[in-house]
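Work through the exercises below with the structure open. Try each task before reading its solution.

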Amino acid sequence: MVLDKDTAKKTAELLLQINAIKLKPENPFTWASGWKSPIYCDNRILLSYPAIRNYIRDEMAKQVELLYGKPDCIVGVATGAIGIGALVADKLNLPFVYVRPEPKSHGRQNQIEGHLEAYQTVVVIEDLISTGKSSLNAVDALRAVDANVKGMLAIFTYGFETALNNFKEKNTELHTLSSYQYLIEQASDTGYVKEAQLNTLMEWRKDPSQWTNK
């Protein structure tokens, strides 16, 4: 799933550096799903740091070409991946569209914004993979208009088993720049978290839905 170990380590380092990934084992976040979590990832913050967003853009563009060649179009998943997706498309000199969670309730009622023709090859860009459901919702929307989805490339994944199963069920290939494993290693090596906090983060990762009750 992670293509290059050096890129994975560097990406984790940069995300920690700008606090895009916040770790609060003692005062957990509550996700939209209701899960309690000692970690919160907001990769949209990287757009505010030119050097870092350019690094992520360049690595994603490089991996798109290595994995899939040049598709006809790059697709971003709204809203988190619109910015980085557009940057990747620009780097590759390719058209860009983005997919809403659901069709608009007014106007043209689009779910896919931009020009995309049937049977064109696309690579989907995401910022974050948790369970994968919202990401795969975008894949469903693309396939509904006969787009040829080559695969998905995301900045970061928690690596949950449920996400792996969801992507397998939808027959969708997923690759990421970095992952929870590399994040924890980097956070530990740099002293970003203490040993007790590290243990909490590792325990949460084993069963995050049940950790809600702890």
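**Exercises on aromatic pairs**

Y180 has a relative accessibility of 3%, so Y180 counts as buried. The model is a predicted one.

**Exercise 1.** Classify the aromatic pair formed by Y158 and Y180.

*Solution.* 
- Step 1. Take the pairing rule: ring centres must lie within 6.5 Å. By this rule the model has 12 aromatic pairs.
- Step 2. Read the geometry. Y158 and Y180 are 6.2 Å apart, centre to centre, with 45° between the planes.
- Step 3. Apply the angle cut-offs: under 30 degrees is stacked, over 60 is edge-to-face, and the rest is tilted. The pair of Y158 and Y180 is tilted.
- Step 4. Y158 sits in the loop between β9 (148-157) and α5 (161-169), and Y180 in helix α6 (residues 180-189). The pair links distant parts of the chain, 22 residues apart.
- Step 5. Check burial. Y158 and Y180 are both buried.

**Exercise 2.** Which parts does the pair of Y180 and W204 tie together?

*Solution.* 
- Step 1. Start with the rings. Y180 and W204 form a tilted pair, 5.6 Å centre to centre, with 55° between the planes.
- Step 2. Locate the residues. Y180 lies in helix α6 and W204 in helix α7 (residues 195-206), so the pair joins parts 24 residues apart in sequence.
- Step 3. Check W204. Its relative accessible area is 0%, and W204 is buried.
- Step 4. Widen the view. Y180 and W204 belong to one aromatic cluster, together with W31, W35, F156, Y158 and F160.

**Exercise 3.** What does Y180 contact, leaving aside its neighbours within four places in sequence?

*Solution.* 
- Step 1. List the contacts of Y180: I39, F156, T157, Y158, L201, W204 and R205.
- Step 2. Look at the core. The largest nonpolar core has 64 residues. Y158 and Y180 are among those with the most contacts inside it, including also I21 and M60.
- Step 3. In soluble globular proteins, nonpolar side chains tend to be buried together.

**Exercise 4.** Is S130 buried, partly exposed or exposed?

*Solution.* 
- Step 1. Find S130 in the loop between β8 (121-129) and α4 (133-144).
- Step 2. Read the value. The relative accessible area of S130 is 24%, so S130 is partly exposed.
- Step 3. List what S130 touches beyond four places in sequence: W31, Y158, F160 and A163.
- Step 4. Consult the record. UniProt lists S130 under "binding site", in an unreviewed entry.

Technical notes:
Residues are numbered from 1 along each chain as its sequence is written. This is a predicted model: local features need pLDDT of at least 70, side-chain atom pairs count only at pLDDT 80 or more; totals for chains, interfaces and linings use all residues. Side-chain values use heavy atoms; hydrogens and water are left out. Rings of Phe, Tyr and Trp (its six-membered ring) pair if their centres lie within 6.5 Å; planes under 30 degrees apart count as stacked, over 60 as edge-to-face and the rest as tilted. Helices (H or I, at least four residues) and strands (E, at least two) are DSSP runs, numbered from the N terminus. Buried means under 20% relative accessible area, exposed over 50%, partly exposed in between (1.4 Å probe, protein chains only). UniProt positions are given in the numbering used here, feature names are shortened, and annotations may be inferred rather than shown by experiment. Contact means heavy atoms within 4.5 Å. A nonpolar core is a set of buried Ala, Val, Leu, Ile, Met, Phe, Trp, Tyr and Cys residues joined through side-chain atoms within 4.5 Å.
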